[in-house]
Amino acid sequence: MLLQLKDRAILGRTLDRLSRSKTISSLVVATSDNTSDDPIAEFCALECVRCCRGSLDNVAARFRQVLEQERAAQFLRVSGDSPLIDAALVDQAVRYFFAGACDLATNIVTRTFPKGQSVEVLLTETFLQVCDTFSTSDQQEHVTRFYYENPSVFRIASFTSGRNYGDINLSVDTELDFARVAAILERSGNRPGTWSELASVSECL
């Protein structure tokens, strides 16, 4: 998360792009309390971004910890490995959430957006009611897996891009991903760019 992508850390780029959102009221980095994540906490302190630390393996418990402190009625989940996340897409997801009176608004039920453009908006009340029932490691790690495994229990509003960009990867999980995103930034002149513009650049590489 702290590897430099054209003079800015991956996590820093993710936070920069999220900060352009018109609907997000605050940003919190939820990382682990393992010593391996001390550099993440130090980075957040330098960036003046709130950092909440909790269980290494139970990410859902970290989210509960943040929500109990923030007392937000709803929250948005974006992975820290998404340095090209589009703030306009984030705002679209938030509007979709409020229009649908749902427990979860998501663009990944049917993946038509590139990886690295995944957005989930959740109703806090529902999440706090069910998060302690997450029993498998996958449910605890991926936070919303329980929702998708029980679609009849939750009100899930899913939206798509209108085209299939699901095979395009704009996230950074591997060295190959890192090189691809660096090339996209180089080709795009380091401009913020919309998700569709960045996807088009990626297709040309």
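Predicted model: local features only at pLDDT ≥ 70, side-chain atom pairs only at ≥ 80, totals over all residues.
## Helix H3

Helix H3 runs over residues 59-70, and its 12 residues reach 17 Å from the first C-alpha to the last, which is close to the 16 Å expected at 1.5 Å a residue. At its N-terminal end the helix is capped by Asn58, a side-chain oxygen of which lies 3.3 Å from the backbone nitrogen of Ala60. Beyond the other end comes Arg71, which follows H3 and has a positive phi.

The buried residues of H3 are Val59, Ala60, Ala61, Arg62, Phe63, Val66 and Leu67. An α-helix has 3.6 residues a turn, so residues three or four places apart point the same way.

## Strand S5 and its partners

Strand S5, made up of residues 120-123, is covered on both faces, with Glu120 and Leu122 buried on one side and Val121 and Leu123 buried on the other. S5 pairs with S3 in the antiparallel sense over 4 bridges, and within this pairing Leu122 of S5 is the bridge partner of Phe75. An antiparallel pairing over 3 bridges also joins S5 to strand S4, residues 104-106, where Thr106 stands opposite Glu120.

## The largest pocket

The largest pocket holds about 1,300 Å³ of space. Its lining consists of 40 residues, and those nearest its centre are Val28, Ala30, Phe63, Leu76 and Val78. Two or more lining residues come from each of helix H1 (10-18), S1, H3, S3, helix H4 (87-100) and H6. Among these contributors H3 supplies the largest share, 6 residues. Phe63, one of the residues nearest the pocket centre, is also one of the buried residues of H3.

## Two positive phi values

Most residues other than glycine have a negative phi, and most peptide bonds are trans. Arg71, although a residue other than glycine, has a positive phi near 55 degrees, and its place is in the loop between H3 and S3. Arg71 counts as exposed because its relative accessible area is 72%, and the cut-off for that class is over 50%.

Val143 is likewise a residue other than glycine with a positive phi, in this case near 65 degrees, and its place is in the loop between H6 and helix H7 (145-149). With 0% relative accessibility, Val143 falls under the 20% cut-off and therefore counts as buried.

Methods
Residues numbered from 1 in each chain as written. Heavy atoms only, no water. Expected span 1.5 Å × (residues − 1). Buried < 20%, exposed > 50% of the residue type's maximum accessible area, 1.4 Å probe, protein only. Polar contact = N/O pair within 3.5 Å; in protein donor to acceptor, adjacent residues only side chain to side chain. Pairing = 2+ DSSP bridges. 1 Å grid on protein atoms, 1.4 Å probe; cavity = no way out; pocket = protein on both sides within 12 Å on 5 of 7 lines; lining within 4 Å. Points joined across faces, edges and corners; volume = space filled by probe spheres on them.
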